[in-house]
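Colleague: I am new to this one. Can you walk me through reading its features, one at a time?

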Amino acid sequence: AELSALDAFVSIPCAYAHLAAALGVPTFVMLNDQPPAYWIWNQRFPIYPHLAAYRKVSEWRDGDMVTRKYDGDWSAVVSQVARDLHKLFDS
């Protein structure tokens with residue numbers, strides 16, 4: 001009930017993002033450079049028509065997968081989500 005009352009939902013990939021999108025809430029998911037396949041498939045075959053996925057381009061600095069996936073500069077992804085949120089609510 002709480003998710004369905006939201007105007008929009010911004011998240012990392014998780015069960016709440018699936019639920020919000022399935023409920024028809026505009027959902028914005030910020031993905032790392034190696035997201036699970038179903039988030040990428042949604043762009044080709046929309047399971048959730050109200051979902052937008054944004055993928056971070058990562059910098060390979062060392063062999064540490066955790067650093068590669070979650071560290072780094074997320075500002076481009078966050079800026080794009082913010083622009084799209086403004087478009088959604090300014091119209």
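Modeller: Start with pairing. Two strands pair if DSSP finds at least two bridges between them. Here strand 2 and strand 3 pair in the parallel sense, over 5 bridges. Keep in mind that this is a predicted model.

Colleague: Which residue stands opposite F28 in strand 3?

Modeller: A52 does. Now go to the other pairing. Strand 1 and strand 2 run parallel and are joined by 3 bridges. There, S11 has V29 of strand 2 as its bridge partner.

Colleague: In what order do the 3 strands lie in the sheet?

Modeller: The order is 1-2-3. The sheet is open, and the pairing is parallel. From one strand to the next, the twist averages 15°.

Colleague: Why is one side of strand 1 and of strand 3 left without a neighbour in the sheet?

Modeller: Strand 1 (9-11) and strand 3 stand at the edges and have a single partner strand each, so one side of each has no neighbour in the sheet.

Colleague: Now the faces of a strand. How do the side chains sit?

Modeller: In a regular strand, side chains alternate between the two faces of the sheet. Take strand 2. On one side are T27, V29 and L31, and on the other F28 and M30. Both faces are covered, and these residues are all buried.

Colleague: How many residues of strand 2 are buried?

Modeller: 5 of its 5 residues. For the chain, 32% of the 91 residues count as buried. The cut-off is under 20% relative accessible area.

Colleague: What pattern does the chain follow along the sequence?

Modeller: The pattern is β-α-β-α-β-α-α. That gives 4 helices and 3 strands. Look at the β-α-β unit made by strand 1, helix 1 and strand 2: the unit is right-handed.

Colleague: Which helix packs on the sheet, touching strand 1, strand 2 and strand 3?

Modeller: Helix 4, residues 75-90. The direction of helix 4 makes about 170° with that of strand 2.

Colleague: Pick a residue in helix 4. Is A82 buried, partly exposed or exposed?

Modeller: A82 belongs to helix 4. Buried needs under 20% and exposed needs over 50%. The relative accessibility of A82 is 31%, so A82 counts as partly exposed.

Colleague: What share of contacts join residues at least 24 apart?

Modeller: 40%, among contacts between residues at least 6 apart in sequence.

Colleague: Next, the nonpolar cores. Which residues of the largest one touch the most other members?

Modeller: F9, A17, A20, V29, L31, W39 and L51, out of 13 residues in that core. Two or more residues each come from helix 1 (15-22), strand 2 (27-31), helix 2 (37-44) and strand 3 (51-55). Helix 1 gives the most, with 3 residues. Another core, of 6 residues, lies apart from it, and its members include F28, Y54, V77 and V81.

Colleague: Zoom in on one member. What does L31 touch?

Modeller: Leave out residues up to four places away in sequence. L31 then touches P13, W39, I40, A53, Y54, R55, K56 and W74.

Methods: Residues numbered from 1 in each chain as written. Predicted model: local features only at pLDDT ≥ 70, side-chain atom pairs only at ≥ 80, totals over all residues. Heavy atoms only, no water. Core = buried A, V, L, I, M, F, W, Y, C linked by side-chain atoms within 4.5 Å. Buried < 20%, exposed > 50% of the residue type's maximum accessible area, 1.4 Å probe, protein only. Contact = heavy atoms within 4.5 Å. Axes fitted to C-alpha atoms, helices over the stretch in contact; angles between N-to-C directions. Right-handed = clockwise from strand over helix to strand, strands pointing away.
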